[in-house]
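Have a look at the chain below before you read on.

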Amino acid sequence: IIAMPAAIGISVMAHPIYNAVYGAGDGGALLRVFGPASFFCCMQLYTTAMLQASGLERAPMITFPLGGALMLVIDYILVGNREIGILGSPYGTLACFAFITLMNFIILAVKSPARPRLIKTAGKPLVIAGIMGVAAFAVHGLLSRLLAGNGRGIVTLRLLGTVAVAAMVYLVLIVYTKTITKEDLALVPRGDKLAKLLRL
């Protein structure tokens, strides 16, 4: 619910985020790949915790080194290519955490009595996060016309406006579709008050 929209938001707004923080440059291309990589980074933590809770704590001792080896191989091939260079590094990170997540899920599905219901759990958040990403892209395009300029101040203002609208779209949709429940919010600090505020 949190990692998915964050990953999509980072990917969609990669160039504005980079330009707002560091100024003009090509770092947005790196950040665009690090967006989905951040999602899988969160998911490998989540699935590792599931493995440990299921009595399969030794499984990450296999999946982690394999993922790390995969990242080193991809980085060696891509970064070592003069035409690609540092732009290839995020793909190694993405492949590493995606591989670990996939392997963890496979082990859980085969070994754990409580198999993860991936489609039921991730389906609606993925669709809603996708809608949010489209909204962010559209809003930023509109703000780029209304607030023209390439200065960091203008870029930051457009970015903040886009993030505010996208966050509101996502929040409204997860509440309206009941993607987030009162039980979910009970797991976070002061979640009961937030549940009352959202009328869950």
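Predicted model: local features only at pLDDT ≥ 70, side-chain atom pairs only at ≥ 80, totals over all residues.

Residues are numbered from 1 along each chain as its sequence is written, and side-chain values use heavy atoms, with hydrogens and water left out.

**The overall picture**

- The chain has nine helices and zero strands; here helices (H or I, at least four residues) and strands (E, at least two) are DSSP runs, numbered from the N terminus.
- Along its principal axes, the C-alpha trace spans about 55 × 55 × 25 Å.
- Of the 200 residues, 34% count as buried; buried means under 20% relative accessible area, exposed means over 50%, and partly exposed is in between (1.4 Å probe, protein chains only).
- Take the contacts between residues at least 6 apart in sequence: 64% of them join residues at least 24 apart. Contact means heavy atoms within 4.5 Å.

**Helix α1 and S11**

- The buried residues of α1 are A3, M4, P5, A7 and S11.
- Their cover includes α2, α3, α6 and α7.
- S11 counts as buried because its relative accessibility is 16%.
- Setting aside neighbours within four places in sequence, S11 is in contact with R32, G35 and P36.
- S11 and A166 sit 155 residues apart in sequence and 13 Å apart in space, C-alpha to C-alpha.

**Helix α6**

- With 29 residues, α6 reaches 41 Å from its first C-alpha to its last, close to the 42 Å expected at 1.5 Å a residue. That expected span is 1.5 Å times one less than the number of residues in the helix.
- Buried residues in α6 include P125, I128, A129, M132 and G133, and also A135, A136, V139, H140 and L143.
- As a reminder about helices, an α-helix has 3.6 residues a turn, so residues three or four places apart point the same way.
- What covers the buried residues of α6 includes α1, α2 (14–22) and α7.

- N104 lies in helix α5, and N104 counts as buried because its relative accessibility is 0%.
- Leaving aside neighbours within four places in sequence, N104 touches Q44, T47, T48, L51 and T63 by the contact rule.
- Y170 is in helix α7, and its 7% relative accessibility is why Y170 counts as buried.
- With neighbours within four places in sequence left out, Y170 is in contact with I1, P5, P125, I128, A129 and M132.
- Y170 and G85 are 85 residues apart in sequence and 36 Å apart in space, C-alpha to C-alpha.

**The pockets**

- How is a pocket found? On a 1 Å grid over the protein atoms alone, a pocket is an open set of points where a 1.4 Å probe fits, with protein on both sides within 12 Å along at least five of seven lines; lining residues have an atom within 4 Å of a point.
- The largest pocket holds about 1,100 Å³ of space; grid points are joined across faces, edges and corners, and a volume is the space filled by probe spheres set on the points.
- Of the 31 residues that line the largest pocket, I1, M43, Y46, T121 and A122 are the closest to its centre.
- At least two lining residues of the largest pocket come from each of α1 (3–12), α3 (27–53), α5 (89–111), α6 (118–146) and α8 (182–185).
- By class, the lining of the largest pocket has 21 nonpolar, four polar and six charged residues. Ala, Val, Leu, Ile, Met, Phe, Trp, Tyr, Cys and Pro count as nonpolar, Asp, Glu, Lys and Arg as charged, and the others, Gly among them, as polar.
- The second largest pocket holds about 320 Å³, and of the 21 residues that line the second largest pocket, P5, M132, A166, A167 and Y170 are the closest to its centre.
- The largest share of the lining of the second largest pocket, seven residues, comes from α7.

**The cysteines**

- A search of the whole structure turns up zero disulfides, a disulfide being a pair of cysteine sulfur atoms within 2.5 Å.
- For C41, the nearest cysteine sulfur is that of C42, 5.7 Å away.
- For C96, the nearest cysteine sulfur is that of C41, 8.8 Å away.
- C41 counts as partly exposed because its relative accessibility is 26%, whereas C96, at 5%, counts as buried.
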